[in-house]
Amino acid sequence: MIRQNTDAAENAERGYMVLSLDFELMWGILDRKEPFAYRSHILGARKAVPALLHMFDQYRIHATWGIVGMMAKNSIRECISQKPEQEPAYDDPNLSAYEHLKSMRGGYRMKGFCLHQG
């Protein structure tokens with residue numbers, strides 16, 4: 001439950017802080033030489049995020065979240081079928097998630113890439 005204080009004087013004395021967090025799982029480290037070496041750390045986010053949300057609520061901390069859209073997909077096949085017609089252009093192709101999708105074959109589930117994969 002988020003509580004909002006309407007007393008402007010009290011708010012001015014306390015100040016405000018807003019955290020902005022990215023939630024990318026494996027999508028955030030694909031440019032590394034060995035991204036799968038970090039897999040256990042990435043999957044640990046599934047425990048860390050609920051704990052952070054609980055703490056934010058407990059201490060009334062406001063936060064925004066950036067989430068990679070492809071994390072909502074069930075498979076690589078689904079990601080490829082729903083990608084934009086015009087992909088972003090990068091000088092370094094290793095920075096493009098679409099380039100990584102091209103190298104991942106099949107329609108298997110993407111543990112570490114999707115929100116709902118455990």
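**Core, surface and charged contacts in a predicted model**

Of the 17 residues in the largest nonpolar core, those that touch the most other members are F23, L25, W27, M70 and L101. Such a core is a set of buried Ala, Val, Leu, Ile, Met, Phe, Trp, Tyr and Cys residues joined through side-chain atoms within 4.5 Å. Helices α3 (45–58), α4 and α5 (97–103) each supply at least two residues of this core, and α5 gives the most, with 3 residues. As general background, nonpolar side chains in soluble globular proteins tend to be buried together.

The model is predicted, with local features needing pLDDT of at least 70 and side-chain atom pairs counting only at pLDDT 80 or more, while totals for chains, interfaces and linings use all residues. Residues are numbered from 1 along each chain as its sequence is written, and side-chain values use heavy atoms, with hydrogens and water left out.

Turning to the overall layout, the protein chain has 5 helices and 2 strands, arranged along the sequence as α-β-α-α-β-α-α. Helices (H or I, at least four residues) and strands (E, at least two) are DSSP runs, numbered from the N terminus. Of the 118 residues in the protein chain, 25% are buried. Here buried means under 20% relative accessible area, exposed means over 50%, and partly exposed lies in between (1.4 Å probe, protein chains only).

L53 lies in helix α3 and counts as partly exposed because its relative accessibility is 43%.

Next come the charged side chains. The structure holds 1 salt bridge, defined as a side-chain nitrogen of Lys or Arg within 4 Å of a carboxyl oxygen of Asp or Glu. The side chains of K83 and E87 meet in a salt bridge at 2.8 Å, N to O. K83 is partly exposed, at 30% relative accessibility, and E87 is also partly exposed, with a relative accessible area of 23%.

K73 presents another picture. Found in the loop between β2 (62–67) and α4 (76–81), K73 is buried yet has no salt bridge, and the nearest side chain of opposite charge, E78, is 4.8 Å away. For charge, Lys and Arg count as positive and Asp and Glu as negative, whereas His and the chain ends are not counted. The side chain of K73 does make a polar contact with the side chain of Q82, at 2.5 Å. A polar contact is a pair of N or O atoms within 3.5 Å; within protein, one must be able to donate a hydrogen and the other to accept it, and residues adjacent in sequence count only if both atoms are side-chain atoms.

The C-alpha atoms of D31 and P93 are separated by 8.8 Å, although the residues are 62 apart along the chain. P93 sits in the loop between α4 and α5 and is partly exposed, at 46% relative accessibility. For D31 and H100, 69 residues apart along the chain, the C-alpha separation is 9.2 Å. H100 belongs to helix α5 and, at 16% relative accessibility, counts as buried.
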